[in-house]
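Please look through the sequence and the structure shown below, and keep both in view while you read the explanation that follows.

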There are 2 protein chains.
Amino acid sequence: MTSVVVAGAGSIGSLLAAHLARVAEVTVLTRREEHAATLREQGLRVSGRSDFTARLDATADPAALPADARLAILACKSTGLEPLAARLEGRLPQATVMTIQNGLGAEEIVAAHGSWPLLSAVTFMSGTRHGDAHVEYVLDTATWIGPFRGTSFEDARRVAELVESAGLKAEAFHDLRPAQWSKLVFNATVNGVAALTGLPHDFHFAETERPSDLGHLVRDLVDEGRAVAEAAGVDLHDDPWEMNVLATRRGHRHFPSMLEDVEARRPTELEPINGALVRAARRHGVHVPLHTAVYRLVKAKEAGYS
Amino acid sequence: MTSVVVAGAGSIGSLLAAHLARVAEVTVLTRREEHAATLREQGLRVSGRSDFTARLDATADPAALPADARLAILACKSTGLEPLAARLEGRLPQATVMTIQNGLGAEEIVAAHGSWPLLSAVTFMSGTRHGDAHVEYVLDTATWIGPFRGTSFEDARRVAELVESAGLKAEAFHDLRPAQWSKLVFNATVNGVAALTGLPHDFHFAETERPSDLGHLVRDLVDEGRAVAEAAGVDLHDDPWEMNVLATRRGHRHFPSMLEDVEARRPTELEPINGALVRAARRHGVHVPLHTAVYRLVKAKEAGYS
C-alpha cells in the first residue's frame, strides 16, 4: 500500500485520513501529541454518510513522518498553513504535496518551503468534528484536484482515483483555477455575509423579493467577484450565485466557518479569502466597493476581539 | 410653573424629565405602572454631570395626564413612537408636542394622531439608565429644536430657553433639517457599522492608514449620505465625518444604541435611520450601494433573532 501523510486533523483532514486509511498507509500529523496518541489508540471514527472506524498512525512530530510517503495532503485551515509548511521543510523527500485550503495563495506558501511537486485542491465536502477521534461526514460533495508545480493532469488523476477508491468523491482537472475561483467568490460572499449577520447559510441568502432582502446584496457581491475573475482571465467553472441558491435549498443549516470563527472570537480566513479577492481586484483595476466593505467590516470585527 | 409632560423614560426622557422638574411641573408617562410608582415614590436621581434627585409626578395612564400641559416631549425610541402617539390621541389639548427621535419621519407619525402644534428636536446628549429611578448624565452636548407644524422659531426658542434654564444645553433653529440630516447621516453610518462589527464607536472608525482600515468605509458611507442630503436640498449643518472623528476622540467607549440592540436581540432603529436614508436616496435617484448593503446586513441580522 502506498504511504500517505495527512497533515491537520480538523474536519476535512479527519475525513480524508479516515477514508484513505482504507486503501493506504495513513499517518496523521497533528499539532498536539495528545491528539496523535488518541488517534493511535482509538482509531478515527466516521459517522454520518460513512460509518466505520479507521486504524491509522499519528504523530505530532514531523521527524517521525514516514520518509517514503508518496502523497502529503496539507489539510489545515489557511491560518495554519504557513507554520505547518515550515514544520515540513526538508522532510517528505518522495512526496507530492497537495494543498486544499480555502481562498488563494496556499500553493505559493507551501512552494516557499520546499521543492516538492505540488497539486492544488478545493473541496466541497463538509464534516463536523465531534472530538479528536470522531468526525461526522455531512456533505458528500466532491474534492477537485489539479496540477500546480512539477505535476501533470495524470498526477492529479491518480490522486483523484485514490480518493475515490477510499469512498469519497473526487475529480481531476487540467486547470483548477476556474473551480478555485468559483469557490473563492462563493466563500468570500457567503462567509463574509454570514460573519456579519450572524446568520447560517440559509434561505435569506437567496431571497430577492423585497428591496431590503439579503439576496440582492449576495448577488451584487457575486457579480463583483465574477468581474474580478474575468479580469484575472479565469472563466468560472460554476456560477457562485447558483452555488449559493443550491446550498440554501439543501435543507440543513450550514454554519460557514467564518461565522463559527467570529462567534468563537478566533482568527478567520478573511485574508486568504476576502483579502485575496480584494487585492486581486486592485491588481486588475476592478472596482469592488461591496467586497471591500465586507472585508473592512470583518477585519474590524476581528480587531474587536481583544 | 408651566406643566410639562415627558412621555418615555429611557435615558433621554429621564434626563429631560429630571432636569425640567427643577423649573416646571413635570409628569412622566411610562409604559409600566410599576415604573411610574417608583418615580412617584423615589423621585428620579441624576448622577454624572448633574447630581440631584428630582421630584415629579408619573403615570402609566394617558387619561391621568394633566389637561393643562403646555408642552409634551415624546422621548421614546423611534420603534415605540407609533403606539405612543396612538395612546395620546385626543389628549393634551393645550400642548405643543415635540419629537426627539433618531432618524426621519417622527413628526409625520405624530401628526397623523392629532392636530397638536409640533416641534422637531434632535439631541446629542447621552445618558445611561441605571434603573427606573436613576439615570447617569454622560455627554452634556446640546438638544436642537426647530418648528415643524403650527409652530414658529419663537416657539422653538421658548422651549430651548426652558430646557437651558433646567440645566441642559439647547439651541433653537429656524430650520432643523440641516441638523437632523447631519445626525441622520452620522447615525446611519456609525450605528450600522457598530452593529455589524460589534465595535463600540472607538478609534477604528476614524482610522484610514492601511487599505483595510475601517475609517475608509465610514468615510465612504458619510460621502454617500452627503450626496443624498444634497439631492434632498439639505445643506448639512455639521460634517458627519468630523462628528465621527471628534466623537472617537472623546476617550470613552460609546456603545451606539443599534449595537446594544443587536447584542440584546431587540428590534433596532434601522428603519427610521438607515431605511429612511436608503429610501430618500431612491426617491432622489442617488446611488448608495454601501448604505444599501449596511441596511440589508443589519436587516438580516435582525431576521436571525428568531
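In this predicted model, strand β9 (residues 126-131) of chain B pairs with strand β10 (residues 134-139) of chain B in the antiparallel sense, and 5 bridges link the two. With 2 residues between them, β9(B) and β10(B) form a hairpin, and within this pairing Arg129(B) has Val135(B) of β10(B) as its bridge partner. Strands of a sheet pair through backbone hydrogen bonds, and they may do so in either a parallel or an antiparallel way.

Chain B also holds an open sheet of 8 strands, whose order is β5-β2-β1-β6-β7-β8-β11-β12 and whose pairing is mixed. At its edges stand β5 (57-59) and β12 (170-172) of chain B, and because each has a single partner strand, one side of each is left without a neighbour in the sheet. From one strand to the next, the twist averages 25°. Within the sheet, strand β1 (residues 3-7) of chain B runs parallel to strand β6 (residues 71-74) of chain B, joined to it by 4 bridges, and here Ala7(B) stands opposite Leu74(B) in β6(B).

Helix α5 (residues 153-165) of chain B packs on this sheet, where it touches several strands, including β1, β6 and β7 (96-99) of chain B, and its direction makes about 170° with that of β12(B). Helix α6 (residues 177-197) of chain B, in turn, lies across β8 and β11 of chain B and runs at about 40° to β8(B).

Turning to chain A, Arg283(A) is found in helix α10 (residues 271-283) of chain A. Is Arg283(A) buried or exposed? Arg283(A) counts as exposed because its relative accessible area is 61%, and exposed means over 50%.

Key. Residues numbered from 1 in each chain as written. Chains lettered and ligands numbered in written order. Predicted model: local features only at pLDDT ≥ 70, side-chain atom pairs only at ≥ 80, totals over all residues. Heavy atoms only, no water. Pairing = 2+ DSSP bridges. Buried < 20%, exposed > 50% of the residue type's maximum accessible area, 1.4 Å probe, protein only. Axes fitted to C-alpha atoms, helices over the stretch in contact; angles between N-to-C directions. Contact = heavy atoms within 4.5 Å.
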